[in-house]
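Here is a short report to read beside the model. Keep the sequence and the 3D view open as you go.

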Amino acid sequence: MWKSLLKSIFAETLSFMRVKILLFGIIAEIIDHNSLSMELEQPCSVARFKEQIFLKYPKLKNYATFAVAINEEYAEDSNTICNNDTIALIPPVSGG
Amino acid sequence: MSNISIKLSTSKLSLDECYDFVDDPTCGGIDLFVGTVRNHTKGKKVEKLEFSAYAPMAIKEMHVIAAKILEKFDVLKIAIHHAEGMLQIGDIPVIIAVSASHRAAAFEACQFAIDRLKETVPIWKKEHFSDGEVWVNAHP
């Protein structure tokens, strides 16, 4: 009986995905890496992703002005991150 | 697309290359914007500028700007070239070249291009001073 109860609990569990997050500029410097790997529930909104990354890397909250790109395109908070997507954190740009 | 030339390069940019690309016998005017590394910022002496990029997205975004310009302005060709890496005072980080039948469109398109590039293209510049380095934050 317990076995079938546990089985049904796990069936309700969210599935997870591992995503790669590219870092640039000031963010790459403060995190001291060019990329990160994170596990997110699948699928995951950009808004939710931001919550998760601030939890995992609290230093980022001081540099919270960044855009998120999914597969080399700017994304809104409402956009969805899917398995195998490449995410990038884009701090304020200063080209030109 | 033969009317658009986009480049992100660790080698020195070429004014001739940009000019030659947009030059066309149907065009009466070519507008060139050349960005240069200046030796000061906010009253402080700058030694050099370091440019880094999210290369594939930077190229995509420059293409988006170029396509927008061809749609919005009566111009023929556009080149947007940006440098990457360490640049010295007087070096050229960006060239925008636009050709058009008439000069008004060329001027407007060129200004639009550099203004948009500074807002959207994922390239970052870091100022190097004698006493440290600072990532430039704003859109001037």
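## A loop residue in chain A

A:Asn84 sits in the loop between strand S6 (80-81) and strand S7 (86-90) of chain A. The model is predicted. A:Asn84 is not a glycine, yet its phi is positive, at about 75 degrees. Most residues other than glycine have a negative phi.

Is A:Asn84 buried or exposed? It has 10 C-beta neighbours inside 10 Å, so it counts as exposed. The cut-off for that class is 12 or fewer.

## Two further backbone features

A:Asn71 also has a positive phi, near 50 degrees, and is a residue other than glycine. Look for A:Asn71 in the loop between strand S4 (67-70) and strand S5 (73-75) of chain A. Here 15 other C-beta atoms lie within 10 Å, so A:Asn71 is partly exposed.

Next comes a peptide bond. A:Gln42 and A:Pro43 are joined by a cis peptide bond, with omega at about -10 degrees. Most peptide bonds are trans. A:Pro43 belongs to the loop between S2 and strand S3 (44-45) of chain A.

## Chain A as a whole

How many helices and strands does chain A have? There are 3 helices and 7 strands. Read from the N terminus, their order is α-β-α-β-β-α-β-β-β-β. Chain A has 96 residues, and 26% of them count as buried. Take the contacts in chain A between residues at least 6 apart in sequence. Of these, 54% join residues at least 24 apart.

One strand residue shows some of the packing. A:Leu36 lies in strand S2 (residues 35-41) of chain A. Leaving out residues up to four places away in sequence, A:Leu36 touches A:Ile21, A:Leu23 and A:Ile31. It has 18 C-beta neighbours inside 10 Å, so A:Leu36 counts as partly exposed. A:Leu36 and A:Ser94 are 58 residues apart along the chain, and their C-alpha atoms are separated by 23 Å.

## Chain B as a whole

Chain B has 3 helices and 10 strands. From the N terminus, the order is β-α-β-β-β-β-α-β-β-β-α-β-β. The radius of gyration of chain B is 15 Å, close to the 14 Å that the globule rule gives for 140 residues, so chain B is as compact as a globular protein of that length. The C-alpha trace of chain B spans about 50 × 25 × 25 Å along its principal axes.

Of the 140 residues in chain B, 35% are buried. Consider again contacts between residues at least 6 apart in sequence. In chain B, 75% of them join residues at least 24 apart.

## Helix H3 of chain B

How far apart are the end C-alpha atoms of H3(B)? They are 26 Å apart. The helix has 18 residues, which at 1.5 Å a residue should span 26 Å, so the two values agree.

Which residues of H3(B) are buried? They are B:Ala105, B:Ala106, B:Ala109, B:Cys110, B:Ala113, B:Leu117 and B:Thr120. Around the axis they cover an arc of only 130 degrees, so they lie on the same side of H3(B). These buried residues pack against strand S2 (29-35), H2, strand S6 (77-83) and strand S8 (94-100) of chain B.

## Where the chains meet

In the contact between the chains, 22 residues of chain B touch 14 residues of chain A. On the chain B side, helix H2 (55-72), helix H3 (103-120) and strand S9 (123-129) each supply at least two residues. Which element gives the largest share? H3(B) does, with 4 residues. By type, the chain B side divides into 14 nonpolar, 5 polar and 3 charged residues.

The largest nonpolar core has 58 residues. Those touching the most other members are A:Ala88, B:Ile78, B:Ala97, B:Val98, B:Ala109 and B:Ala113. Two of these names, B:Ala109 and B:Ala113, are also among the buried residues of H3(B). A:Ala88 has contacts in both chains: A:Ile21, A:Leu22, A:Phe24 and A:Ala69 in chain A, and B:Tyr54 and B:Met57 in chain B, leaving aside neighbours within four places in sequence.

Conventions
Residues are numbered from 1 along each chain as its sequence is written. Chains are lettered from A and ligands numbered from 1 in the order in which they are written. This is a predicted model: local features need pLDDT of at least 70, side-chain atom pairs count only at pLDDT 80 or more; totals for chains, interfaces and linings use all residues. A residue is buried if 20 or more other C-beta atoms lie within 10 Å of its own, exposed if 12 or fewer, and partly exposed in between; C-beta atoms are placed from the backbone. Two residues are in contact if their C-beta atoms, placed from the backbone, lie within 7 Å. A nonpolar core is a set of buried Ala, Val, Leu, Ile, Met, Phe, Trp, Tyr and Cys residues joined through C-beta atoms within 7 Å. Ala, Val, Leu, Ile, Met, Phe, Trp, Tyr, Cys and Pro count as nonpolar, Asp, Glu, Lys and Arg as charged, and the others, Gly among them, as polar. The expected span of a helix is 1.5 Å times one less than its number of residues. The arc is that of the directions from the helix axis to the C-beta atoms. The radius of gyration is taken over C-alpha atoms; the globule rule is 2.2 Å times the number of residues to the power 0.38.
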